[in-house]
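Please read it alongside the sequence and the coordinates.

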Amino acid sequence: MVHVRVRPFSEEELIRDTLEIIKNEDEEDYNFISFKYFDKLSMDQVAFKLGYSQSSNHTIYSIKDRALCKFALYYWGEN
């Protein structure tokens, strides 16, 4: 899916728009970003909140990688 948007006027609007796109595509990625970077939870706490075992490091770090890649792509664009 291609996302076309007019560049928001402020950094805050750009972040909000980027997170809204991610939330509409994959709520797990949105929740990861929200728990880790806004709520400032540890990776173990994030894993628990997302319903994963705290010992499943591979899974939670895969989610982290995917969520941050999506954020970077939508934030910076495809240029």
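Leu68, found in helix α4 (residues 57-76), counts as partly exposed because its relative accessibility is 32%, the classes being buried under 20% relative accessible area, exposed over 50% and partly exposed in between (1.4 Å probe, protein chains only).

**Basis of the values**

- Because the model is predicted, local features need pLDDT of at least 70 and side-chain atom pairs count only at pLDDT 80 or more, whereas totals for chains, interfaces and linings use all residues.
- Residues are numbered from 1 along each chain as its sequence is written, and side-chain values use heavy atoms, with hydrogens and water left out.

**Overall fold**

- The chain holds four helices and zero strands, in the pattern α-α-α-α along the sequence; helices (H or I, at least four residues) and strands (E, at least two) are DSSP runs, numbered from the N terminus.
- Of the 79 residues of the chain, 29% count as buried, and the accessible surface comes to about 5,600 Å², with 53% of it belonging to carbon and sulfur atoms.
- Among contacts between residues at least 6 apart in sequence, 46% join residues at least 24 apart, a contact being heavy atoms within 4.5 Å.

- In soluble globular proteins, nonpolar side chains tend to be buried together.
- The largest nonpolar core has 15 residues, and those with the most contacts inside it are Phe32, Ile33, Phe35, Val46, Leu50, Ile60 and Ile63; the elements that give two or more residues to this core are α1 (11-25), α2 (27-38), α3 (43-50) and α4.
- A nonpolar core is here a set of buried Ala, Val, Leu, Ile, Met, Phe, Trp, Tyr and Cys residues joined through side-chain atoms within 4.5 Å.
- When its neighbours within four places in sequence are left aside, Leu50 is in contact with Glu28, Asn31, Phe32, Phe35, Ile60 and Ile63.

- Ser56, in the loop between α3 and α4, counts as buried at 19% relative accessibility, and a polar atom of its side chain lies 2.6 Å from the backbone oxygen of Ser53.

**Salt bridges**

- The structure holds six salt bridges, each defined by a side-chain nitrogen of Lys or Arg within 4 Å of a carboxyl oxygen of Asp or Glu.
- Within helix α1, Glu12 and Arg16 lie four residues apart, about one turn of the helix, and form a salt bridge whose closest N and O atoms are 2.8 Å apart; Glu12 counts as exposed at 56% relative accessibility, whereas Arg16 is partly exposed at 47%.
- Lys70 and Asp26 meet through their side chains in a salt bridge (3.6 Å, N to O); Lys70 lies in helix α4 and Asp26 in the loop between α1 and α2, so the pair ties together parts that are 44 residues apart in sequence.
- Asp29 also forms a salt bridge with Lys70, the closest N and O atoms being 2.7 Å apart, and this pair links helix α2, which holds Asp29, with helix α4, which holds Lys70, across 41 residues.
- Lys70 counts as buried at 18% relative accessibility and Asp29 is buried with a relative accessible area of 0%, whereas Asp26 counts as partly exposed at 22%.
- A network of salt bridges links Asp26, Glu28, Asp29, Arg66 and Lys70.

How values were computed. A polar contact is a pair of N or O atoms within 3.5 Å; within protein, one must be able to donate a hydrogen and the other to accept it, and residues adjacent in sequence count only if both atoms are side-chain atoms. Accessible areas come from the Shrake-Rupley method with a 1.4 Å probe; for residues, only the protein chains shown count as cover.
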